[in-house]
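Q: I am new to this structure. Can you walk me through how to read its features?

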Amino acid sequence: MTRDIFLAGGCFWGTEHYFKQIEGVVNTEVGFANGHTADPTYKEVYTDTTGYAETVRIEYDDAVVDLEFLLQMFFCAIDPTSLNKQGHDEGTRYRTGVYYTSEDDLPVIEKVFAEEQKKLDAPIAVEVEPLLCFYPADESHQDYLDKNPAGYCHLPVELFEFARNAKKKP
């Protein structure tokens with residue numbers, strides 16, 4: 001059985017590529033979540049006037065990987081105390097967020113957030129909200145770093161190798 005979680009981790013090109021490396025992730029799709037306009041384009045979202053966050057829909061096989069592990073991996077790839085900024089990318093479109101489609105996910109999300117907060121001196125700036133809407137980005141943005149291996153990414157290359165080798169502790 002597969003499940004979905006929607007994660008905003010700054011620029012969606014690197015976030016998607018990172019999660020694609022994790023065993024049990026069966027599909028990814030980049031797009032825009034939780035804004036206030038209909039069917040936004042990349043150019044519109046880039047203006048920071050639509051309310052959308054660059055987001056990755058992550059479809060995963062919960063028999064192979066669970067939500068708790070995916071969220072722990074998410075925290076490895078973001079600066080959770082940075083508001084509207086990841087790497088060199090700034091603006092509300094680059095905010096971090098966890099957008100869920102099932103209320104059943106909320107206890108797991110809250111557990112991981114509580115564990116991560118204990119490791120930090122500043123408050124977590126990652127929003128947690130139900131997914132209100134998601135619009136896929138156009139095809140040129142899907143699997144961007146596969147199509148453009150030398151393309152821009154705010155994440156260090158070593159993080160992709162880390163994700164490929166990461167395993168949930170028994």
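Q: Which side chain meets Arg57 in a salt bridge?

A: First, a caution: this is a predicted model. Now the general idea. Side chains of opposite charge can pair when their charged atoms come close. Here the side chain of Arg57 meets that of Glu59, with 3.8 Å from N to O.

Q: Are Arg57 and Glu59 buried or exposed?

A: Arg57 is buried, and Glu59 is buried too. Strand 3 covers residues 53-61, and eight of its nine residues are buried.

Q: Which residues are linked with Arg57 and Glu59 in a network of salt bridges?

A: Asp4 and Glu29 are. Together with Arg57 and Glu59 they are linked in a network of salt bridges.

Q: How many salt bridges does the count come to?

A: The count comes to 14 salt bridges. One of them joins Lys20 and Asp143, at 2.9 Å from N to O. This pair links distant parts of the chain. Lys20 sits in helix 1 (residues 12-20), while Asp143 is in the loop between strand 8 and helix 5 (144-147). They are 123 residues apart.

Q: How exposed are Lys20 and Asp143?

A: Lys20 is partly exposed, at a relative accessible area of 28%. Asp143 is also partly exposed, at 27%.

Q: Which residue forms a salt bridge with Lys147?

A: Glu139 does. The closest N and O atoms of the two are 3.2 Å apart. Lys147 has 40% relative accessibility, so it counts as partly exposed. Glu139 has 55%, so it counts as exposed. The cut-off for exposed is over 50%.

Q: Let us turn to strands. In what sense do strand 1 and strand 3 pair?

A: Start with the general idea. In a regular strand the side chains alternate between the two faces of the sheet. Now the case here. Strand 1 (residues 2-9) pairs with strand 3 in the antiparallel sense, over six bridges. Within this, Phe6 has Arg57 of strand 3 as its bridge partner.

Q: Over how many bridges do strand 2 and strand 3 pair?

A: Over eight bridges, again in the antiparallel sense. Take Ala33 as an example: its bridge partner in strand 3 is Ala53.

Q: Next, the backbone. What is the phi of Asn34?

A: The general idea comes first. Most residues other than glycine have a negative phi. Asn34 has a positive phi, near 55°, and is not a glycine. Look for Asn34 in the loop between strand 2 (25-33) and helix 2 (42-46). Its relative accessible area is 8%, so Asn34 is buried.

Q: Where is Asn84?

A: Asn84 is in the loop between helix 3 (67-77) and strand 4 (85-86). Asn84 also has a positive phi, about 60°, although it is not a glycine. With a relative accessible area of 22%, Asn84 is partly exposed.

Q: Now the rings. How many aromatic pairs does the count come to?

A: Nine aromatic pairs. One of them is Tyr42 with Tyr46. A pair of aromatic rings is described by the distance of the centres and the angle of the planes. For Tyr42 and Tyr46 the centres are 5.9 Å apart and the planes are at 35°, a tilted pair.

Q: What separates Tyr42 and Tyr46 along helix 2?

A: About one helical turn, because they are four residues apart in helix 2. Tyr42 is partly exposed, at 22% relative accessibility. Tyr46 is partly exposed as well, at 44%.

Q: Why does the pair of Tyr52 and Tyr135 count as edge-to-face?

A: Because the planes of Tyr52 and Tyr135 are at 80°, and over 60 degrees counts as edge-to-face. The ring centres are 6.0 Å apart. This pair links distant parts of the chain. Tyr52 is in the loop between helix 2 and strand 3, and Tyr135 is in strand 8 (residues 134-136). The two are 83 residues apart. Tyr52 is buried, at 1% relative accessibility, whereas Tyr135 is partly exposed, at 24%.

Q: Which residues do ring pairs link into a cluster?

A: Phe12, Phe32, Tyr42 and Tyr46.

Q: Which residue lies over the face of Tyr46?

A: Arg93 does, at 3.9 Å from the ring centre.

Methods
Residues are numbered from 1 along each chain as its sequence is written. This is a predicted model: local features need pLDDT of at least 70, side-chain atom pairs count only at pLDDT 80 or more; totals for chains, interfaces and linings use all residues. Side-chain values use heavy atoms; hydrogens and water are left out. Buried means under 20% relative accessible area, exposed over 50%, partly exposed in between (1.4 Å probe, protein chains only). Two strands pair if DSSP finds at least two bridges between them. Rings of Phe, Tyr and Trp (its six-membered ring) pair if their centres lie within 6.5 Å; planes under 30 degrees apart count as stacked, over 60 as edge-to-face and the rest as tilted. A charge sits over a ring if NZ of Lys or CZ of Arg is within 6 Å of the ring centre and within 35 degrees of the ring normal. A salt bridge is a side-chain nitrogen of Lys or Arg within 4 Å of a carboxyl oxygen of Asp or Glu.
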